[in-house]
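Colleague: I am new to reading models. Can we go through one feature at a time?

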Amino acid sequence: MMTMDKKITRRYIILTVAILVVFALIIFRLAGLMIVEGETYRNRAANSILKTVSTPAPRGEIYSRDGEILAGNNPSYNIQIMRNETVDTDINELAFELMRILRKNEDLEEDDFPIVFNEDRKPYFIYDQNVDQWKERYDLEETENAKEAFEVLKYRYGIEDLDDGDAQQYFIREATEISVPISISSWKFREELHKERWMGNYGITDYDLSAEESFEYIRKEVFDLDDQLSNEEARDIMILRDQIQRQGSYFQYQPVTIMEDISKESVIAIEERIHRFPGVNIVIEPIRHYPNESLASHIIGHVGRIATETEIENYVDELGYEKSDIIGKVGLEHAFELDLQGKRGLEEVLVDSRGRRQETLETINPIPGKNIHTSIDKNLQRKTEDILEEVINTIQRGGTYETAWGTDTFQNTQGRIYDKAQSGSAVVLDVKTGKVLAMANYPDFDPNLFTTGISSEDWQSLQPENPNNSLSPAPLRNTALSSAVQPGSVYKMVVGLAALEHGLDPNYRMRDTGYIELGRDGNQIFGNWLWNQNRGLLGSQNLVEAIADSNNIYFASVLNNWDYSRERALPFSMSVGQMLEFSKELGLNEASGIEIRVPRERSGIIPSEESKTRGIERSLRWKLFNDLRMEHLDPEIVDLSEDPREEIIDQIISWTDENPSRGELYNRLLEIGIKREYIEKIDNGEGWVDIIKYSYFNQAYWTEMDVLNLSIGQGEHQYTPIQMANFMAILANGGTRYKVSVIDGIEDPLTGEYEKKEPAILNQLELNNPRHLDIINEGMLRTTEEGTPWRYFQDFPLKVAGKTGTAQLTGKIPPPDEVEYLLDHLSRFRVTEEQVYGKMEELRDANPNQLRLLDEGFAMREAIKALNSNIGNQELDQFKEDYDNYSWFIGFAPYEDPEIAVAVVIHQGGTGGYSAPIFREIVAEYLGMNETQEYGNSEDEDLENDEEDLEEPEN
């Protein structure tokens with residue numbers, strides 16, 4: 001038996017041997033790594049690089065106030081390609097096979113490759129086609145470049161005196177019926193810039209290269225495609241490879257998305273053949289989806305790919321976005337882009353020296369964007385949109401609109417049908433918070449069209465039907481925010497409230513005189529609507545009654561401080577300036593504050609004498625440019641070898657502020673070279689001296705007629721539906737002006753943290769007597785009970801406050817194609833087509849520096865006038881249709897304890913009463929009356945009115 005010491009010694013020896021063996025093995029392996037495999041690992045270490053790859057984050061969702069999704073995300077099947085798994089020689093074959101599958105399953109009805117083939121199999125650039133179509137749409141085919149086109153448009157819109165930057169802003173903010181895709185920094189069409197950037201991706205620096213030359217260069221030199229392929233087959237391959245090329249200097253470790261939102265049929269076909277597609281993967285990624293289609297589209301907006309130079313600079317260069325990222329373009333999608341976008345995920349990958357992915361080392365998941373909760377009541381929004389559309393369509397055909405709360409026939413007493421009523425808007429606000437509950441525009445659009453790139457056909461369907469008509473239906477136009485128009489009689493509450501604040505006794509009565517005579521020899525008539533309609537009179541009225549019956553004479557008297565019925569001054573004083581200043585306290589000169597930034601909200605226009613003067617100058621310039629002809633000029637005084645009219649016009653315009661006497665003006669016109677015969681008489685009418693003096697210079701400052709028109713919401717007043725809704729909220733809530741908001745709060749989907757957006761007060765009306773609001777509101781209650789729109793509320797069992805407005809829009813509707821219009825009527829102008837085109841060329845040759853003549857329509861008008869001296873602009877336009885009136889209705893409900901304010905406008909809706917049913921039905925929906933069709937008044941009484949069913953016509 002071994003002793004204890006021997007056992008310990010033996011174990012020690014065994015342990016020592018074991019340790020030595022382990023160390024030997026380690027040393028042996030190290031030697032192998034260093035000596036046998038050392039070169040391999042040294043090469044791998046030298047050629048391996050750690051890279052970071054970003055992955056997209058799910059976009060935040062947009063909700064209604066009741067928690068229903070307005071904008072969410074759907075899973076999308078996307079094709080990605082990993083270049084490190086694809087051999088260069090195989091990529092063309094791979095692309096060809098993929099495209100065959102995609103075409104078979106109709107996943108390629110539209111593509112982004114900008115070179116296409118026409119019916120004659122000739123290639124052309126889509127960019128060039130888009131420019132040509134834009135020029136054709138706006139009669140600018142004769143212009144050679146973007147600069148010329150821009151200048152012609154400035155002349156056409158009468159803003160040639162503005163610098164280019166201001167003119168560009170005018171087209172963006174004011175002339176919303178026209179899109180001007182021109183960069184004034186480079187004087188190129190934006191399509192030209194897109195084309196140059198695309199060509200640059202392929203190393204093409206000669207931007208004059210034709211589509212055919214570019215196609216052949218890319219086919220052979222860049223992609224090395226088989227000569228046996230047809231052009232169509234080659235183009236299919238180029239479609240796919242172009243998607244890779246567009247993403248710039250891609251790395252092989254970075255997956256590239258080459259096709260989005262493909263069908264399940266294509267997914268199955270690709271997966272079944274996946275062994276034939278090395279490096280290709282089908283991935284499921286979120287794609288923007290709008291489950292309610294067009295519902296609240298002008299509020300939500302839409303998304304799209306980063307495309308413009310400005311977007312690249314703002315998002316890619318400054319914020320680190322990928323060029324292929326989807327961003328919000330308009331509406332809330334744009335306004336809250338940084339909240340909705342989320343934070344991209346990251347993958348740390350090991351790549352070799354050629355950029356090919358070897359191994360994924362670490363993954364950081366993306367953080368989804370924040371959710372935006374709006375104040376929109378989804379059901380009310382849908383109902384508001386439906387009502388607006390139904391009523392407008394019924395007005396167009398002169399039909400009958402029938403609900404539980406009324407039966408309304410949209411024809412006047414003469415059977416007139418307002419068939420040009422094709423667009424409008426309705427806004428509903430919470431009077432106690434300023435939150436938007438509904439905002440509808442008609443027509444609207446489906447934002448899903450933009451999610452993966454809108455097709456040319458769909459894009460064209462969203463453009464105005466008549467690009468020359470500012471009131472032509474335009475689905476993308478946010479009328480509630482962007483369309484500022486005359487308010488008509490709905491402005492009378494502003495005049496009344498301001499007058500009360502300046503001392504008007506609300507019980508002071510004035511007799512309706514029917515009309516007021518103005519001007520030289522009393523040849524201008526300002527009439528009350530009932531007098532204009534049937535020579536009727538409204539009798540003696542106080543303020544409440546005047547609001548109810550929309551008494552033009554009463555409000556004209558108030559603002560002019562003159563009682564026309566008694567021919568004496570009123571026992572109080574309020575100037576036009578004081579009334580307009582009070583309008584500012586109501587926020588009518590400011591944007592409402594709603595969070596939507598694109599399109600830009602118009603702030604409305606409170607008139608000023610200065611703005612009228614500048615407007616008259618623009619009108620006079622337009623008149624002179626159109627009607628001052630070369631034959632009107634004296635060759636003994638002015639050099640006619642070059643067109644001197646622009647300089648002469650500038651001189652005449654410069655005299656506006658001075659407004660010289662008729663005699664002085666006569667002499668000046670002689671001195672600058674206008675022939676005496678044309679100073680005295682033009683085309684059997686007034687001469688230039690009387691036209692300039694009495695139609696323009698004398699009108700450049702506020703006249704008595706201007707003051708009277710301002711009192712009834714005509715003239716230069718221009719306000720948006722959302723401004724008028726906020727005005728109603730101020731009257732309803734006791735004088736508090738809230739900043740309008742469509743946001744309830746922002747939610748972090750990971751933590752559940754909710755940032756509530758509280759109502760913001762902009763100002764509180766400081767009234768001399770709070771009862772003044774009650775007086776105005778009483779007038780609006782009387783309006784719905786016994787005033788001009790009473791019949792629309794005779795079956796409505798709820799007291800509401802409201803007011804109609806019928807605002808005149810003077811002028812002729814420009815046709816979609818001025819040239820076509822003129823050609824159709826040449827026989828009426830007693831000229832032939834051959835004569836006209838010959839004269840057009842003659843005018844252009846004689847006036848090479850007059851860019852305005854590049855406008856085909858303008859040149860043709862000038863040619864016709866030159867050929868027939870009896871034809872002027874009035875004669876040329878006589879066959880065009882007249883604009884119809886704006887139809888307004890604004891109000892709040894319930895009357896006793898107001899909850900909502902509503903503003904409705906229908907463009908060319910004819911009369912203010914036609915908007916009243918929209919207000920009524922919105923109120924019924926909001927208060928749940930349609931669910932029970934029962935709602936009691938505080939007093940159970942029937943309204944009786946045996947008066948003739950009258951409408952409030954033009955104001």
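Colleague: Is Phe555 buried or exposed?

Modeller: Start with the rule: buried means under 20% relative accessible area, exposed over 50%, and partly exposed in between, using a 1.4 Å probe and protein chains only. Phe555 has 0% relative accessibility, so Phe555 counts as buried. Tyr554 counts as buried too, at 1%.

Colleague: What kind of model is this?

Modeller: This is a predicted model: local features need pLDDT of at least 70, side-chain atom pairs count only at pLDDT 80 or more, and totals for chains, interfaces and linings use all residues. Residues are numbered from 1 along each chain as its sequence is written, and side-chain values use heavy atoms, with hydrogens and water left out.

Colleague: How many helices and strands does the chain have?

Modeller: Helices (H or I, at least four residues) and strands (E, at least two) are DSSP runs, numbered from the N terminus. This chain has 37 helices and 31 strands. Its C-alpha atoms fill a box of roughly 145 × 80 × 45 Å along the principal axes. Of the 955 residues, 53% are buried.

Colleague: What share of the contacts joins residues 24 or more positions apart?

Modeller: Contact means heavy atoms within 4.5 Å. Take the contacts in the chain with a separation of 6 or more: residues 24 or more positions apart account for 71% of them.

Colleague: How many aromatic pairs are there?

Modeller: Rings of Phe, Tyr and Trp (its six-membered ring) pair if their centres lie within 6.5 Å. Planes under 30 degrees apart count as stacked, over 60 as edge-to-face, and the rest as tilted. The search of the whole structure finds 29 pairs. Tyr554 and Phe555 make an edge-to-face pair, with 5.4 Å centre to centre and 70 degrees between the planes. Phe892 and Tyr895 have ring centres 6.3 Å apart and planes at 10 degrees, so that pair is stacked. Phe892 is buried at 1% relative accessibility, and Tyr895 is buried at 18%.

Colleague: Which residues form one aromatic cluster?

Modeller: Phe113, Phe125, Tyr127, Trp198, Tyr202 and Phe223 do.

Colleague: Where does the charged end of Arg668 sit?

Modeller: A charge sits over a ring if NZ of Lys or CZ of Arg is within 6 Å of the ring centre and within 35 degrees of the ring normal. The charged end of Arg668 is over the ring of Trp655, 5.3 Å from its centre. Arg852 lies over the face of Phe858, 4.0 Å from the ring centre.

Colleague: How do I describe two packed helices?

Modeller: Give the angle between their axes and the distance between the axes. Axes are lines fitted to C-alpha atoms, for helices over the stretch in contact, and angles run from 0 to 180 degrees between N-to-C directions. Angles under 35 degrees count as roughly parallel, over 145 as roughly antiparallel, 65 to 115 as roughly perpendicular, and the rest as oblique. Helix H4 (126-137) and helix H7 (190-200) pack at about 175 degrees, with axes 9 Å apart. That makes H4 roughly antiparallel to H7. H4 brings Ile126, Tyr127, Asp128, Asn130 and Val131 to the contact, and H7 brings Glu191, His194, Lys195 and Trp198.

Colleague: Which helix crosses H23 at roughly 60 degrees?

Modeller: Helix H34 (856-867) does, and the two axes come within 10 Å. That makes H23 oblique to H34. Phe625, Asn626 and Asp627 of H23 meet Phe858, Glu862 and Lys865 of H34.

Colleague: Where are the cis peptide bonds at Pro599 and Pro894?

Modeller: One joins Val598 and Pro599, with omega about 0 degrees. Pro599 is in the loop between helix H22 (576-585) and helix H23 (609-627). Another runs from Ala893 to Pro894, with omega near -15 degrees. Pro894 lies in the loop between strand E30 (886-893) and strand E31 (900-907).

Colleague: What is the phi of Arg535?

Modeller: Phi is near 65 degrees, a positive value in a residue other than glycine. Arg535 sits in the loop between helix H19 (529-534) and strand E22 (540-541). At 52% relative accessibility, Arg535 counts as exposed.
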